[in-house]
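Reader: I am new to reading protein models and would like to go through one slowly. Could we look at it together, one question at a time?

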Amino acid sequence: MSTTETPASRDREQRTLVAATAQRSRDRSLATRDLVLSISTPILLLVLWELSARYQIIDPRFFPPPTRIVSAGYEMILDGELWMHTAPTLMRLFVGGGLGAISGIVVGLLMGSSRALNAALGPLFSALYPLPKIAIFPILLMIFGPTETPKIIAVFITTFFIMQINTVAGVWAIDRKLLEAGTAYGAKGFDRFRFVVLPGAMPFVFSGLKTATGTAVVVVTAVEFTGATTTGLGYLIWNSWQLFIPEKLYVGLVVIGVIGAIVTTLLSRSEKLLLPWRRER
C-alpha cells in the first residue's frame, strides 16, 4: 500500500530537522562556553592571586605568589622530594580505599538483598559509622604500632562504611516493578542479582565512590598529620607549617587537590561508560 506525503507532513518534517539542527548548534555552543569558563576562571583567579601578592595586597609570607609555588614544586620534583611524599599517600589511599570500597560494596549488596543480614548488622554499623575515624587511629597505633597497617586500616574503615551505606540504599531504591518484571521473565538467583539488582544499585555505588574518595583523602592527610609517619603529603604540609615554608605547604595542598580531582574524573568517566543509560545529553 503506497502512501502519499502531504505538504503539511513535509513541512512538519522540515521544521523538525531545523529545530534539531538548531538544538545541536546550541549544545555545541554551550559546551564550548563551559570549556572556556572552566579553563579561564582558575587562570583568572591565579592571575589575581599573583598580582595581589606582588603588590602586597595580601601578605606574601602567608600567600606566596603562584609562580613561587610552581618554582618550589619544580625543585621538589627534580630532587625527588615530592614523589617521596606522594607515593606513600597514593599507596595508603588506593590500598586502604580500594579494599574498603570493594568490601563495602559486597557487604552492602548482601545486606540490601537479605532482610535477616540487614537486621543483624544494620544497628551495629549505624552505631559505628558516626565515630570519627581519626579518633580510632590512636587505638590502631597501640595495636599495630607506627607501621603502615594502622594508616591503611583508617582509610579502609572510612571508605567501607560510606560504600556500605550507599550500596544498601541503592538496592532498596530499585523500583519493585523492575524486580517483578525480572521475576516474570525468569530472572532468579544469580541472574536476578546480575541483571536487575546490580545495575539498579550501580548509580548509588558510583555516588558513594565519589563521596568516599574525598573523605578518604581527608582521612589519609589527617593521619599523616599525627606524626606517626615521616612520609606522605600530610606530613609534608604539617612539616612545612612547622618550619614555616609556605611554598612547600601549598605544593602539598595542590598535589592533594589534583589527586582528588583525577580520581573523581576517572570515576565520572567510568560511570558514563558502564552506565550508558545515565549519560548526560
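This is a predicted model: local features need pLDDT of at least 70, side-chain atom pairs count only at pLDDT 80 or more; totals for chains, interfaces and linings use all residues.

Reader: How is the pair formed by the rings of Phe225 and Trp238 classed: stacked, edge-to-face or tilted?

Author: The two rings have their centres 5.5 Å apart, and their planes stand at 40 degrees. Planes under 30 degrees apart would count as stacked and planes over 60 as edge-to-face.

Reader: Is Trp238 buried, partly exposed or exposed?

Author: The relative accessibility of Trp238 is 35%. Buried would require a value under 20%, and exposed a value over 50%. Since 35% lies in between, Trp238 counts as partly exposed.

Reader: Which element gives the most residues to the lining of the largest cavity?

Author: A search of the whole structure finds one cavity of 30 Å³ or more, and about 40 Å³ of space lies in the largest cavity. The elements that give two or more residues to its lining are α3 (81–113), α8 (189–225) and α10 (246–274). With three residues, the element that gives the most is α8.

Reader: How many charged residues are there in the lining of the largest cavity?

Author: The lining is made by Thr89, Leu93, Val217, Val220, Thr221, Ile256 and Ile259. By class, five of the lining residues are nonpolar and two are polar, and the number of charged residues is none.

Reader: At roughly what angle do the axes of α3 and helix α6 cross?

Author: Two packed helices are described by the angle between their axes and the distance between the axes. The crossing of α3 past α6 is right-handed. The axes of α3 and α6 (residues 148–172) come within 6 Å, and the angle at which they cross is roughly 30 degrees.

Reader: Is Gln56 buried, partly exposed or exposed?

Author: Gln56 is found in the loop between α1 (7–54) and α2 (66–78), and its phi is positive, about 60 degrees, although it is not a glycine. Its relative accessibility is 57%. Because a value over 50% is what the class requires, Gln56 counts as exposed.

Note on methods. Residues are numbered from 1 along each chain as its sequence is written. Side-chain values use heavy atoms; hydrogens and water are left out. On a 1 Å grid over the protein atoms alone, a cavity is a set of points where a 1.4 Å probe fits but cannot get out, and a pocket is an open set with protein on both sides within 12 Å along at least five of seven lines; lining residues have an atom within 4 Å of a point. Grid points are joined across faces, edges and corners, and a volume is the space filled by probe spheres set on the points. Helices (H or I, at least four residues) and strands (E, at least two) are DSSP runs, numbered from the N terminus. Ala, Val, Leu, Ile, Met, Phe, Trp, Tyr, Cys and Pro count as nonpolar, Asp, Glu, Lys and Arg as charged, and the others, Gly among them, as polar. Axes are lines fitted to C-alpha atoms, for helices over the stretch in contact, and angles run from 0 to 180 degrees between N-to-C directions. A crossing is left-handed if the near helix is turned anticlockwise from the far one by less than a right angle, and right-handed if clockwise. Rings of Phe, Tyr and Trp (its six-membered ring) pair if their centres lie within 6.5 Å; planes under 30 degrees apart count as stacked, over 60 as edge-to-face and the rest as tilted. Buried means under 20% relative accessible area, exposed over 50%, partly exposed in between (1.4 Å probe, protein chains only).
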